[in-house]
Amino acid sequence: MADLVLLTPSTPAPAAVATVLPGLALLPHVVTVKGLDPAALLAADHEPDLVLVDLVTDLVAGHGALKTMAALELGPPVLAVLGDSALGLVDHQWSLDDFVVAGAGPAEISARLRLLLSRPRTEPGTSAPGGESTYRDDPSPIRVADVVVDEASWSVRVGGQPLDLTFKEFELLRYLVQHPGRVVTRDVLLQEVWGMDYYGGTRTVDVHIRRLRAKLGSERESLIGTIRGVGYRFSGPRGGDR
């Protein structure tokens, strides 16, 4: 029996486990439910064996919590709980040790917990076996022209002002800004932003590009250029973060 903590915005707390990961409620583990604020782990009387992070209720907030945990260099392994629609977004850059789908049964959840709990514990900030760091350093903000994408805080500033974007708009802009001057096809954007399992057409990309341009404003909409019959290109010299 393990001592687990579930970070979730789901309320009320007593029903949170059954709401976020029903299969876990059938296992004989002690689960403490806390809000989606990793700082609460620092104030706890003792360190849990493992931390689960709810990315089902609020994907963006949950992803931010993962980044915060990595920055805090907490010791326990992290198991993210995902909805099916988010599976195409997970990659090596996500600060987690493993993930489980919300609808997983008790046997699968038990196996994943057992594997994580049996791994050798690594001191925060040190390298795990194989030479890879247990936690990924938060990336520096990416700046192209006066557009600044900050992955650490999941925010975008344009001309010094915050830009209100949806999750997909943020992911799309982030990918384009990461590849300034490069022509990116619609198919590549679908794969990188929406994931391999997305069945919609490339029209989805065009719609989101149009919304991004509108939010960037008339002075900056030309930063996202259309390469007819191919895709899009984010223009402007890339500079260091300031």
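## Val30 and strand S2

Leaving aside its neighbours within four places in sequence, Val30 is in contact (heavy atoms within 4.5 Å) with Met1, Ala2, Asp3 and Leu4. The residue belongs to strand S2, residues 30-34; helices (H or I, at least four residues) and strands (E, at least two) are DSSP runs, numbered from the N terminus. Val30 counts as partly exposed because its relative accessibility is 41%, where buried means under 20% relative accessible area, exposed over 50%, and partly exposed in between (1.4 Å probe, protein chains only). Between Val30 and Val5 the C-alpha to C-alpha distance is 8.3 Å, with a separation of 25 residues in sequence.

## Model and confidence

The structure is a predicted model, in which local features need pLDDT of at least 70 and side-chain atom pairs count only at pLDDT 80 or more, while totals for chains, interfaces and linings use all residues. Residues are numbered from 1 along each chain as its sequence is written, and side-chain values use heavy atoms, with hydrogens and water left out.

The mean pLDDT (the predictor's confidence in each residue, from 0 to 100) is 80 for the protein, and 82% of its residues reach 70 or more. Residues 122-137 have pLDDT below 50, and this stretch has 23 contacts in the model beyond near neighbours in sequence. Over residues 237-242 pLDDT stays under 50, and the model has 14 contacts for them beyond four places in sequence. Where pLDDT is low, the predicted coordinates should not be read in detail.

## Overall composition

The protein contains seven helices and 13 strands. Of its 242 residues, 43% are buried. Among contacts between residues at least 6 apart in sequence, 61% join residues at least 24 apart. The protein exposes about 12,300 Å², of which carbon and sulfur atoms supply 51%; these areas come from the Shrake-Rupley method with a 1.4 Å probe, and for residues, only the protein chains shown count as cover.

## Nonpolar cores

A nonpolar core is a set of buried Ala, Val, Leu, Ile, Met, Phe, Trp, Tyr and Cys residues joined through side-chain atoms within 4.5 Å. The largest has 45 residues, and those with the most contacts inside it are Val53, Val147, Val156, Leu173 and Phe234. Helix H5 (residues 167-178) gives the most to this core, contributing seven residues. Another core lies apart from it and has 19 residues, among them Leu4, Val20, Ala102 and Ile109.

Beyond four places in sequence, the contacts of Val53 include Leu7, Leu36, Gly62, Ala65 and Val81.

## Helix H4

Helix H4 (residues 106-118) has 13 residues and reaches 18 Å from its first C-alpha to its last, close to the 18 Å expected at 1.5 Å a residue; the expected span is 1.5 Å times one less than the number of residues. Its residues Ile109, Leu113 and Leu116 are buried. Seen down the axis of H4, the buried residues fall within an arc of 65 degrees, so they line one face of the helix. The arc is that of the directions from the helix axis to the C-beta atoms.

The buried residues of H4 are covered by elements including strand S1 (3-7), strand S3 (50-54), strand S4 (78-82) and strand S5 (98-101). On the face turned away from the buried side are the exposed residues Ala107, Arg114, Leu115 and Ser118.

## Helices H6 and H7

In H6, the buried residues are Arg186, Leu189, Leu190, Val193 and Trp194. They fall within an arc of 105 degrees seen down the axis of H6, so they line one face of the helix. Their cover includes H5, strand S10 (183-185), H7 and S12. Just after H6, Gly195 takes a positive phi of about 100 degrees.

Helix H7 (residues 203-216) has 14 residues, which should span 20 Å at 1.5 Å a residue; its end C-alpha atoms are 20 Å apart, which agrees. Asp206 lies in H7 and is buried, with a relative accessible area of 16%. Leaving aside neighbours within four places in sequence, Asp206 is in contact with Arg186 and Tyr232. H7 is followed by Gly217, whose phi is positive, near 95 degrees.

## Ala145

Ala145 is found in the loop between strand S6 (142-144) and S7. Its phi is near 55 degrees, a positive value in a residue other than glycine. Most residues other than glycine have a negative phi. Ala145 is partly exposed, with a relative accessible area of 38%.
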